[in-house]
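I set out to examine aromatic ring contacts in this entry. My notes follow the display.

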Amino acid sequence: MGLYLGVDCSTQGLTAIVIEIDGDARRIVFNRSLNFDRDFPEYGTTGGVISGADGEVQAPPAMWADALDRMLGELAQSADLDLDDLRAISGSAQQHGSVYLNARAPSVWRALDPSAHLAPQLAPIFSRPRSPVWLDASTAQQCREIEDALGGADRVATLTGSPACERFTGPQIRRFAIEQPGAYAETARVHLVSSFLASLLAGRDAPIDPGDGSGMNLMNLRDATWSPEALDATAPDLAARLPPIVPSWEIFGTLSPYWQKRYALPAAAIVPWTGDNPSSLIGTGIIHDRVAAVSLGTSDTVFALTTTPAASSSHVFRSPTGDFMNLVCFRNGSLAREWVRMEYGQDWDAVAKILESSPGNDGWLMLPWLEIESTPRIAHAGLRRFGFDRGDAARNIRGLIEGQMMAIANHAAAVSGTIDRVIATGGAAVNRAILQVMANVFGVDVYRLDVENSAALGAALRAYHADRLAAGEPVSWKTVVSGFTEPQPGHRVWPNPKLVAMYADLRRDYAILETLHKDRAPIC
Ligand code: XUL
C-alpha cells in the first residue's frame with residue numbers, strides 16, 4: 001500500500017490531496033485547502049495577489065512557502081493517516097510566475113532549523129521579494145522586443161509553443177533584468193512557482209518540467225530543452241540562472257531533513273512539479289483525444305491532449321504524459337463571476353435560478369471583459385453590454401456567464417477538433433446551473449468530477465506514476481487515473497437540443513461582436 005501527496009498552489013490558495021493506492025483499491029484520504037487572503041492576512045493580498053501600477057500583479061513567494069509549511073503541519077496532524085506509507089510527493093502551481101533567488105539559497109535550505117517556521121528563515125534568499133504572476137500585464141514592451149529579436153510572433157509560437165505573452169515568464173524576466181539590473185545581477189536562480197516549491201520540499205534546486213517550462217517563451221517545445229536563441233533574446237546570462245528541464249516523471253530528490261524532523265515525515269521521493277493546467281490534464285483523466293477539459297477557476301481555461309501540437313491553439317504546452325496539450329486561457333474567470341453576483345446582491349442559489357430561467361437572455365449579449373483579457377487580447381478593461389439596462393440583475397448576470405461560456409466554446413475549436421465530451425473542473429464546476437449553460441452552449445455532455453481541485457489530484461497521480469516507474473513497475477496512464485477520474489453518472493449534464501440550436505446562432509453573433517469590439521474601447 002502507498003500514499004501519494006499532491007499539492008496545488010493556485011492563485012488564491014493552496015490545496016493538498018493524499019491518495020491511497022492498495023492494488024485496485026484507490027481512494028482520497030486527505031483533501032484540504034488554505035486560502036491566502038483568509039489564512040495569511042499578514043501578506044496583504046487580495047485574491048492571492050498584490051496589484052501595482054502599470055499592470056503589475058505580484059505575490060510574495062514567502063506566502064506560498066508559509067502555506068506549504070502550514071499544510072504539511074496539518075497533514076502530519078491528521079490522525080487517520082499512517083504517513084510512514086507516504087512514498088512520493090508532487091505538485092503544481094499557477095503557471096508562468098517567476099521567483100528570483102540569490103546565491104545564498106542552497107546553503108539556507110541546507111541549514112533550516114526544523115523547530116522554526118519556514119518562511120522567516122527564507123528571508124535572506126530572495127533577490128526580489130515579490131514574484132510577478134500570470135495576472136501581470138506589465139510586459140507588453142518586452143513581448144514586442146522578444147518577438148522582434150526572434151523574427152515575429154509566429155516564429156516565437158512555433159519555437160516555444162506560444163507567441164510572446166505578457167503573463168509568461170520570459171517577458172517577466174526581461175523586464176526585471178532591464179529595469180532592475182542590480183537585483184538581476186544578484187539573482188543566481190530564476191524558478192517557476194512550481195519549481196520553487198519543489199525546491200523547498202527537497203532542500204535543493206528542483207528542475208523544471210516540460211509542462212510548466214512551455215509556459216515561459218524560453219523552451220524549445222519540440223525537444224523540451226532551453227532554446228539558446230530565446231534565452232539570448234530575453235536576458236543576459238540567463239542559461240546559468242535557469243534550472244535544468246527534466247522529464248515530468250524523473251524523481252530528483254527526497255523530502256529534506258527539515259520536513260522529516262519538523263513533522264516526522266518519511267524521506268518520500270520528490271517528483272518535479274508542473275503547472276496547474278498540465279496537472280489538471282492528469283487530474284481530469286484527459287489521456288486521450290476528443291475530450292476537452294474546462295477549468296473554471298481564477299482563470300477559465302479549456303484544454304485538450306494531442307500527440308502533435310495544434311497549429312491554431314493560442315498555447316501549446318507539453319503534457320506530463322510526454323504528449324502535447326493545447327490550451328486557451330481566459331483572464332476573466334471566477335473574479336468576474338463573483339463581481340457580477342455581488343454587484344447585483346445575489347447568492348449563488350439565486351444566480352442558478354437566473355441562469356435556469358430565460359436561457360439565451362432573450363438574445364442580449366455581453367462581452368465579459370471586466371478586466372483586460374487574454375483571449376482575445378483586450379487592452380481596455382470594461383464590460384461591453386449591448387443595449388442592456390444596467391439595473392436589470394437577471395439580464396446582467398445571465399449575460400456575463402453566458403458570454404463566458406460562449407467565448408470558451410467558440411475558442412475551444414482551437415484546442416481540439418471534434419469534442420465529444422467536456423469535463424468540467426475548478427471551483428465553479430460545482431454549480432450545476434453553470435454546467436447546464438455549458439452543455440447547451442457546447443452541445444455535448446458535460447461531466448463534473450468528484451474532486452474540485454483536479455490540479456492537486458493530478459499531482460498526487462503523477463507522484464504515483466513516477467514512484468512505480470522508479471520501482472521498475474511502470475503503470476500505464478490509463479491505470480494511473482482509473483478509480484479517480486471516471487465521471488460519476490450523477491454528475492452528468494445533458495444538452496437540451498432546442499437550446500443547443502439557439503446557442504449555435506448566438507455563438508455566431510457573439511463571435512462577430514468579439515471581433516468587432518476587441519480593439520475598441522468599452523462602450524458602457
Ligand atoms: C494559463 C494561465 C492560468 C494560470 C493560473 O496559461 O495563465 O491558467 O495557470 O492558474
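Is W364 buried, partly exposed or exposed? I found that W364 counts as partly exposed, at 31% relative accessibility; buried means under 20% relative accessible area, exposed over 50%, and partly exposed in between, with a 1.4 Å probe and protein chains only.

I note that this is a predicted model, in which local features need pLDDT of at least 70, side-chain atom pairs count only at pLDDT 80 or more, and totals for chains, interfaces and linings use all residues. Residues are numbered from 1 along each chain as its sequence is written, and side-chain values use heavy atoms, with hydrogens and water left out.

F176 is buried at 2% relative accessible area, and Y184 is buried at 4%.

I then looked up W364 and F388: their centres lie 6.2 Å apart and their planes at 70°, so this pair is edge-to-face. F388 is buried, with a relative accessible area of 11%.

I also traced a cluster in which ring pairs link Y100, F176 and Y184. The charged end of R241 sits over the ring of Y184, 4.1 Å from its centre (NZ of Lys or CZ of Arg within 6 Å of the ring centre and within 35 degrees of the ring normal). R128 lies over the face of Y100, 5.0 Å from the ring centre.

Terms used:
Rings of Phe, Tyr and Trp (its six-membered ring) pair if their centres lie within 6.5 Å; planes under 30 degrees apart count as stacked, over 60 as edge-to-face and the rest as tilted.
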